[in-house]
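I wanted to go through this model with its coordinates open and write down what I looked up, entry by entry.

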Amino acid sequence: MKKLEVIKRITDCGIVAVVRAQSADQALKIAEAVKAGGVEAIEITMTVPGAIDVITELAKAYPNGEILIGAGTVMDPETARAAMLAGAEFIVSPYFNPDVVKMCNRYQKVCMPGAMSIREVVEVMESGADFVKFFPGSAFGPAMIKAILGPLPYAPIVPTGGVSLENVGEWIKAGCQAVGVGGELTKGAKKGDYAEVEETARKFVEAIKAARK
């Protein structure tokens, strides 16, 4: 898939589902649920046992890019490359590692390194990354986004952590390109209620659209 298409789909939808599934089967069910709810992108974190295998299974299940598959909590370029080979279209890191960004740029995959301070945000942008993952978002809240975008109005920020249905509109109105949402979105999966996951996904998508108007 072309890199620009991935960037556009993430931005247009405005939300990335951060998944910490316990198995490939659960990840597939979550993916189907969030997709039905209108979420375009799903991020499988490397903290999940067998995460690369989960990405492989998702790539097989959606061979035509019906859903964007990404890898999260990527700490080094070796893991990034393994995830790409498994089928990941975007790579997310909790911190800024220049070698991970270089690897993503080499193979033209979307990269989203973590940053918190103004300096870190600038360093991420200077590296050629596509998005800046503001993490942990719960530490400061939407007000910090406004502060960052004051001197850096062009920063493509995607906060993760601390995003809920109650405040997702605030994050979007503060100027975020999209948001990353984990437990708040997928908690229904813990009790096997994927209908709840779908409904929650739909509510997030609707809240983002409303905030953008």
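My entries follow, with the conventions placed ahead of the findings.

**Conventions.** I am working with a predicted model, in which local features need pLDDT of at least 70 and side-chain atom pairs count only at pLDDT 80 or more, while totals for chains, interfaces and linings use all residues. I number residues from 1 along each chain as its sequence is written, and my side-chain values use heavy atoms, with hydrogens and water left out.

**Strand β2.** I began with strand β2, residues 41-45, where helices (H or I, at least four residues) and strands (E, at least two) are DSSP runs numbered from the N terminus. I looked up its covering and found 5 of its 5 residues buried, a word I use for under 20% relative accessible area, with exposed for over 50% and partly exposed in between (1.4 Å probe, protein chains only). A41, E43 and T45 point one way from the strand, whereas I42 and I44 point the other way, and all are buried.

**Neighbours of β2.** I then checked pairing, which requires that DSSP find at least two bridges between two strands. Strand β1 (residues 15-19) runs parallel to β2 and is joined to it by 4 bridges, with A17 standing opposite I42. Strand β3 (residues 68-72) also pairs with β2 in the parallel sense, over 5 bridges, and within β3 the bridge partner of T45 is G72.

**Crossovers.** Between β2 and β3 the chain passes through helix α3 (residues 51-61), and this β-α-β crossover is right-handed, meaning that, with the strands pointing away from the viewer, the path from the first strand over the helix to the second runs clockwise. I also noted that β1, helix α2 (residues 24-36) and β2 make a right-handed β-α-β unit.

**Cysteines.** My search of the whole structure for disulfides (a pair of cysteine sulfur atoms within 2.5 Å) returned 0. C13 is in none, and the nearest cysteine sulfur, in C176, is 15 Å away; C13 itself is buried at 10% relative accessibility. C111 is buried, its relative accessible area being 0%.

**Salt bridges.** For these I required a side-chain nitrogen of Lys or Arg within 4 Å of a carboxyl oxygen of Asp or Glu, and the whole structure holds 11 of them.

Within helix α1 (residues 3-13), D12 and K8 lie 4 residues apart, about one turn of the helix, and their side chains meet in a salt bridge at 2.5 Å, N to O. D12 is partly exposed at 45%, while K8 counts as exposed at 51%.

E57 and K60 form another salt bridge, with the closest N and O atoms 3.9 Å apart; both belong to helix α3 and are separated by about one helical turn, because they are 3 residues apart. E57 is partly exposed at 33%, whereas K60 is exposed at 58%.

The side chains of E89 and K109 meet at 3.1 Å, N to O. This pair links distant parts of the chain, 20 residues apart, with E89 in the loop between α4 (77-86) and β4 (90-92) and K109 in the loop between α5 (98-106) and β5 (110-112). E89 counts as buried at 14%, and K109 is buried at 15%.

My last entry is a network, in which salt bridges that share partners join E5, R9 and E40.
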